Amino acid sequence: MNKNENQLELKLQAYLDGELPTAELAALEELLSSHTELRLLLEELRLTSIALKGNELDLKVPETRDFYWSKIARQIETGSRRQETVYQSVSGNLWVSWIRRHLLGLTGTGFAFCLALLIMTPPKQVAMKESEMELASDDMASYTYNDQQQQVKMVWLYDRNSTESQAKDSSMMDSENEQ
Amino acid sequence: MISPSDQSTTSDEMLVAAAKKGDMAAFEELVARHRDKIYARAFSMMRNEDEALDLSQEAWVKGWQRLEQFHGDSSFGTWMTRITINLCLDALRRRKRQRTDSIELMDEESGGVERQMPVVTVNPTEGMERVELRKRIDQALTQLSDEHRTALVLHEFEDLEYKEIAKVMGCSIGTVMSRLFYARRRMAALLANLKSEK
């Protein structure tokens, strides 16, 4: 079977599925009227499609409602606890890195002045800068935690294959002071 | 918070709204309502009971975590099914990577034996009871490659268009058309064989 015949078969299928461009309809219908083999193939595809539609096996979860739900609930709760832990850890790290970045170079009076300024300044709104993150492997998955009140978004990665889905140390936080 | 006695009569939309506010009981009711459909979809793609069970439960956890992203553009069941399909596709990709010698890949590249198959001229399912037909379809689906079965399931059971299937499967529309074509032809032959065996 050559490439043209293969293309014709796919067009025939698109015709059956209502996905053939209108401009090609007339030409295909003309071919159909003169080629018995094409009509038979169309009929085979049509009957197969009809047989499949609505005839999926009616499967039930092979576990009781409570047992099935218990695993889901456990995973949801584990996820929430992990989010809290990472949030606390990242919050602490943020302060440390801010102080390192801005205050370590200062001495004496300068440090005291900045500290006083920091204490007296009311909290400002923090703008989120969202970053896109591409997962290098399909084995990795991510959880996202978004705290609107704190204006904080955290994304952390874990290995799907890990039985306990332990959070990796690759938590990420993006936040940027409007100033 | 929806009271337990009202949960069974509450609409999906109201349960979703309650779950978004953190009502786990409302979410549990949603799970109870849709769990069979979600499990069935996972099973139709994975063909393995344990994997289907695990993936369906993982889908529900993801559903809970992403509830804020659900705006009711589709039904809740459809939204959950999409999450399940994506998880299954990821699992199938992992499975494919683990295979050392992929017969399915060879089939796909060469067009498989379906190309040379004679056209099935009689209705392979004619005169069959619905229960029997469903069993045979399920049996035949097991014999398809993951790629061919997925294309068929998404088109025939989920009613997705070619471009939607291409998007979720991460391939071209041409590849989807090709996979679907061979999957249908193979199903026609398998159903005919099953009928003659009887």
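1. B:R184 touches A:Q13, A:L16, A:D17, A:L45, A:T48, A:S49, B:L152, B:H155 and B:E156, leaving aside residues up to four places away in sequence; a contact here means heavy atoms within 4.5 Å. You will find B:R184 in helix α10 of chain B. Helices (DSSP runs of H or I, at least four residues) and strands (runs of E, at least two) are numbered from the N terminus. Is B:R184 buried or exposed? B:R184 is buried, because its relative accessible area is 0%. The scale used is this: buried means under 20% relative accessible area, exposed over 50%, and partly exposed in between, with a 1.4 Å probe and protein chains only.

2. A word on the model before we go on. This is a predicted model, in which local features need pLDDT of at least 70 and side-chain atom pairs count only at pLDDT 80 or more, while totals for chains, interfaces and linings use all residues. Residues are numbered from 1 along each chain as its sequence is written, chains are lettered from A and ligands numbered from 1 in the order in which they are written, and side-chain values use heavy atoms, with hydrogens and water left out.

3. Now for the meeting of the two chains. In chain B, 59 residues are in contact with 47 residues of chain A. Between them the chains bury about 5200 Å², and 57% of that is on carbon and sulfur atoms. In chain B, the residues that lose the most area to chain A are B:R35, B:Q57 and B:F181, together 13% of what that side buries. Buried area is the accessible area (1.4 Å probe) that two parts lose on being put together, summed over both.

4. Charges also meet across the interface. How many salt bridges are there between chain B and chain A? The count is 9, where a salt bridge is a side-chain nitrogen of Lys or Arg within 4 Å of a carboxyl oxygen of Asp or Glu. One of them joins the side chains of B:R41 and A:E56, at 2.6 Å from N to O.

5. Between chain B and chain A, 24 residue pairs are in polar contact, both residues at pLDDT 80 or more. A polar contact is a pair of N or O atoms within 3.5 Å; within protein, one must be able to donate a hydrogen and the other to accept it, and residues adjacent in sequence count only if both atoms are side-chain atoms.

6. Which helices of chain B supply at least two residues each to the side that touches chain A? They are α3 (24–46), α4 (49–65), α5 (76–98), α7 (130–142), α8 (146–157) and α10 (173–197). The largest share, 13 residues, comes from α3(B). By type, this side of chain B divides into 27 nonpolar, 9 polar and 23 charged residues. Ala, Val, Leu, Ile, Met, Phe, Trp, Tyr, Cys and Pro count as nonpolar, Asp, Glu, Lys and Arg as charged, and the others, Gly among them, as polar.

7. Chain B has 10 helices and 0 strands, whereas chain A has 5 helices and 5 strands. From the N terminus on, the elements of chain A run α-α-α-α-α-β-β-β-β-β. In chain B, 54% of the 198 residues count as buried; in chain A, buried residues make up 26% of the 179.

8. Contacts along each chain can be compared too. Looking at contacts with a separation of 6 or more, residues 24 or more positions apart account for 66% in chain B and for 37% in chain A.

9. Surfaces come next. Chain B exposes about 9300 Å², with carbon and sulfur atoms supplying 49% of it. The accessible surface of chain A comes to about 12100 Å², of which 52% belongs to carbon and sulfur atoms. These areas come from the Shrake-Rupley method with a 1.4 Å probe; for residues, only the protein chains shown count as cover.

10. B:R82 is worth a look. This residue sits in helix α5 of chain B and counts as partly exposed because its relative accessibility is 28%. Not counting residues up to four places away in sequence, B:R82 touches B:E158 and B:L160. B:R82 and B:R41 are 41 residues apart in sequence and 9.7 Å apart in space, C-alpha to C-alpha.

11. Finally, visit a loop. B:S145 lies between α7 and α8 of chain B, and B:S145 is buried because its relative accessible area is 9%. The side chain of B:S145 reaches the backbone nitrogen of B:H148 at 3.2 Å.
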